[in-house]
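Please examine the sequence and structure below before reading on.

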Amino acid sequence: MSNLRYFDAAAAKKPAPLPKVAVHTEFLRTGRINRNQQMWSAEEKRYLTHQDVAVRTGRKLEAAATVTHGRINGFHRSIRFPKLFFHRTLADSPHLGYCHVTAAHTKFAQFDDVRWSFYIANFFSDIGDDEHFFEKIKLGYSRMYFAVATEVDADAGKLTVNRAIHENGLLFRTRDPKEALKNVLLLGARNEQLRKIINSL
């Protein structure tokens, strides 16, 4: 996919049609040739660099993350999540990317303290291993909302996916924003009574 080229569709506007002039008739009438007249299509595409596309993708992802974070924190005053935004785009396809929205701790199944992170991606895929985290990317305009369990890798000094929890570290994955909201709220609920209310939605 590294040979993808992107162009700015908004910049390619149709020019006003020029009056048709027969060049030979104009020359016979005036004795001059109008060299300013365009002899090619003015509908030229302005191609974007991969960096330009990545910047635009990042802005869209962070705008979606802002709206999603507001909806999550607007549900109940006892459920509050920090705003921790950062985004990444895929190296060979900068129009595809994902954005980190928030992170927290929760009690999950038989685990007492699980650190997790919630993301939005502008594509849908399977979750693979650390080397190829996104596998079988399905092109289209669907979004993917997902949360993964994380742990601190002391050797590398960074957060990694804790694959010992749930299905290879994946806590949930969905295309449905309402289902994603419900799952994040369940992860952030402090007590069983609040979980019952969220489950009843």
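## Covering of helix 4

The buried residues of helix 4 are covered by elements that include strand 4 (97-108) and helix 3 (177-188); helices (H or I, at least four residues) and strands (E, at least two) are DSSP runs, numbered from the N terminus. Contact denotes heavy atoms within 4.5 Å.

## Basis of the model

This is a predicted model, in which local features need pLDDT of at least 70 and side-chain atom pairs count only at pLDDT 80 or more, while totals for chains, interfaces and linings use all residues. Residues are numbered from 1 along each chain as its sequence is written, and side-chain values use heavy atoms, without hydrogens and water.

## Nonpolar cores

The largest nonpolar core has 27 residues, and Trp116, Phe118 and Leu171 have the most contacts inside it. Such a core is a set of buried Ala, Val, Leu, Ile, Met, Phe, Trp, Tyr and Cys residues joined through side-chain atoms within 4.5 Å; buried means under 20% relative accessible area, exposed over 50%, partly exposed in between (1.4 Å probe, protein chains only). Helix 3 supplies the largest share of this core, five residues.

A second, separate core of 15 residues includes Tyr119, Phe123, Phe133 and Phe146.

## Aromatic pairs

The structure holds nine aromatic pairs. Rings of Phe, Tyr and Trp (its six-membered ring) pair if their centres lie within 6.5 Å; planes under 30 degrees apart count as stacked, over 60 as edge-to-face and the rest as tilted. Phe81 and Trp116 form an edge-to-face pair, 5.7 Å centre to centre with 70° between the planes. Both Phe81 and Trp116 are buried.
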